[in-house]
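Keep the 3D view open while you read.

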Amino acid sequence: MLQKLSTFAGIPGPVVTIVMDGYGLPKTDVGSAIAAARKPTLDRLFAEYPNIRLRAHGTAVGMPSDDDMGNSEVGHNAIGAGQVYAQGAALVSNAIGSGDIWQGSAWQEIVAGAKAGRGVIHFIGLFSDGNVHSHIDHLKAMVERAKAEGVKTVRIHALLDGRDVPETSALDYVVPFEAFLGEISGGGFDARIASGGGRQYITMDRYDANWAMVDKGWKTHVLGQGPQFANATDAVNGLRERHPGTIDQDLPEFVIAENGQPIGTVEDGDSVVFFNFRGDRAIEITRAFVEASFDKFDRVRYPQVTFAGMLQYDGDLQLPKRFLVAPPAIKDTSGEWFSKLGIAQFACSETQKFGHVTYFWNGNRSGKFDGETWQEVPSDVVPFEQRPWMKAAEIADAMIAAIQSGKYKTLRCNFANGDMVGHTGNFEAARIAVEAVDLSLARVLKAIDAAGGVALITADHGNADEMFELDKKTKQPAMNKDGSFKAKTAHTLNPVPLVLYDNVSGGKLGLQQTETCGLSNIAATIANLLGYEKHGQWDDSVLVIK
Ligand SMILES: O=C(O)[C@H](O)COP(=O)(O)O
Ligand SMILES: [Mn+2]
Ligand SMILES: [Mn+2]
């Protein structure tokens, strides 16, 4: 059990953690939608309350290197668990580096399954080096290994990124990869890209927000339905011509065909690897492949395949049963230990981030701990630049009601705006997104004051803080050929804030800035605010008790 602190009895009211998704602290205001936003409440918080910067990227959140940006999965894992675990990106690259992945039963079954059928392995996944959901080097290693093991045919179904990497960078990946596939093919081995499309258009929906995307992905990858091209390079060029101004993540589907016949439909006896390591956007398509009875859309045809995920995407639901690399086993999360103390906990977000503030927060656990209440506000199903306020007001409503109910000692929520609108690359919309969060924050803080509580206001990684690619030399926004600024849709490497909103302790509490402090220091800080020592496994608290 967590011990009581001897020096501090804890806050009388609730301790509320507010995650402003995608709200980083940039080095320069140039290109920052946050700096451009009118945000009186946030400005007041930074001017008047204790606040520090937390590391939210790279090794501080379990990524392979400090060149890797943070993301919502690893960020919420670190916040909720109070610890840093090596994450999917690092685990897969280590397993490939050591060769352990090839010895595992899942890879061997994939190869054996293909050989027992037509000799075909399909690899479906996000086609970039973003390292948030996948890495193209992992795909390359698997194609090489498949050939070495005597597999005859490889078909790749490439989801174009432009969201974790520059927004129109698809050809930077497709052209060299098609060249690589050309070189490695021959002598009875044939590896080609067979289908694909923008990741926000097909296949990679999450949290049941829009199954129609997955339906479209199935029709593209499995049934081979869609506009036909001779190869993926032609497809990207052709789709860009037909849909001017559309960025990679939103490009429609394409199918590679020969003599009018798609070259890579999925058939009985094939093997299929979904090569993303991250779970949120992998679960729905995985379900379509592994569930015998399935009612989310009409699959038309349900090929009997040997299916594996790069990781297991949901440990509780064992989805999928076959996976190439074991996910991190996250233990002793704050949710679990607060539950053991009998502390009632409330978690809320809108659909797009609901799993982040529940499942990821609790160490990739889909069930609730005793005493937890979760509330999901349904997200709009529109391009978010069209509704940048998203559901911030409704999340605030839910939080205020939960605070006023007096039932909960800790509450947490995620405002998705800075991140989801940041990913669109639309500066003006991102500015409005930040303003929407500011308005909602003001309302929640009022309710916290009335309940005698405190808030920790933070973020899981940056995004809206850099809306343009900056020129490395001039530090000014980089330009497209037509003179417009190059939009940046990806997360940033910037630190995030941690503000202690405290009108209760009379100045007794503060925050300690250290060189290494990061998201994993938040759980212990919450424990201290509740009047408890941290769990032995958690990273240190940054709370100062004067
Ligand atoms: O899935 C996405 O939308 C992006 O790749 C990463 O964003 P997230 O980590 O904030 O979800
Ligand atoms: Mn996020
Ligand atoms: Mn994001």
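In what follows, a donor of a metal is an N, O or S atom within 2.8 Å of it (3.2 Å for Na, K and Ca); water is not among the atoms, so sites may look incomplete. Keep in mind, too, that this is a predicted model.

**The metal site**

Let's start with the manganese. How far apart are the manganese ion (ligand 2) and the manganese ion (ligand 3)? The two ions sit 4.4 Å from each other. For ligand 2, the protein supplies Asp21 (OD), Ser72 (OG), Asp460 (OD) and His461 (NE2) as donors, at 1.9 to 2.1 Å from the ion. Read along the chain, these donors of ligand 2 have the spacing D-x50-S-x387-D-H. That pattern brings together distant parts of the chain, as aspartate 21 and aspartate 460 are 439 residues apart. Aspartate 21 comes from the loop between strand E1 (15-20) and helix H1 (33-36), and aspartate 460 from the loop between strand E15 (454-458) and strand E16 (496-502). Are these two aspartates buried or exposed? Both aspartate 21 and aspartate 460 are buried.

**Around ligand 1**

Next, have a look at ligand 1, which has 17 residues around it. The closest are Ser72, His133, Asp164, Arg278 and Arg281. What kinds of residue make up the shell around ligand 1? That shell has nine charged residues, seven polar ones and one nonpolar one.

| Side chain | Distance to an oxygen atom of ligand 1 |
|---|---|
| Arginine 163 | 2.9 Å |
| Arginine 199 | 2.8 Å |
| Arginine 281 | 2.7 Å |

On its own, ligand 1 would expose 300 Å², and the protein buries 100% of that.

**Cysteines**

How many disulfides does the structure hold? The count is zero. Take cysteine 413: the nearest cysteine sulfur belongs to cysteine 348 and is 6.6 Å away.

**A threonine in a helix**

Now find helix H13 (residues 351-360), where threonine 358 is located. Its side chain has a polar atom 2.7 Å from the backbone oxygen of phenylalanine 354. Threonine 358 has a relative accessible area of 2%, so this residue is buried.

Which peptide bond is cis, with omega near -10°? That is the bond from leucine 319 to proline 320. Proline 320 belongs to the loop between strand E10 (306-311) and strand E11 (323-325).

Then there are positive phi values in residues other than glycine. Asparagine 259 has phi near 50°, and this asparagine lies in the loop between strand E7 (254-258) and strand E8 (261-262). With 81% relative accessibility, asparagine 259 counts as exposed. Lysine 475, not a glycine either, has a phi of about 65°. Lysine 475 is in the loop between E15 and E16, which is also where aspartate 460 is found. Why does lysine 475 count as partly exposed? Because its relative accessible area is 48%, and partly exposed covers the range between under 20% (buried) and over 50% (exposed).

**Two more positions**

Glutamate 258 is part of strand E7. Glutamate 258 has 42% relative accessibility, so it counts as partly exposed.

Glycine 536 is in the loop between helix H17 (522-529) and strand E18 (543-545). With a relative accessible area of 67%, glycine 536 is exposed. The C-alpha atoms of glycine 536 and glycine 367 are separated by 24 Å, and the two glycines are 169 residues apart along the chain.

Technical notes: Residues are numbered from 1 along each chain as its sequence is written. Chains are lettered from A and ligands numbered from 1 in the order in which they are written. This is a predicted model: local features need pLDDT of at least 70, side-chain atom pairs count only at pLDDT 80 or more; totals for chains, interfaces and linings use all residues. Side-chain values use heavy atoms; hydrogens and water are left out. A disulfide is a pair of cysteine sulfur atoms within 2.5 Å. Helices (H or I, at least four residues) and strands (E, at least two) are DSSP runs, numbered from the N terminus. Buried means under 20% relative accessible area, exposed over 50%, partly exposed in between (1.4 Å probe, protein chains only). A residue is near a molecule or strand if one of its heavy atoms lies within 4 Å of it. A polar contact is a pair of N or O atoms within 3.5 Å; within protein, one must be able to donate a hydrogen and the other to accept it, and residues adjacent in sequence count only if both atoms are side-chain atoms. Accessible areas come from the Shrake-Rupley method with a 1.4 Å probe; for residues, only the protein chains shown count as cover. Ala, Val, Leu, Ile, Met, Phe, Trp, Tyr, Cys and Pro count as nonpolar, Asp, Glu, Lys and Arg as charged, and the others, Gly among them, as polar.
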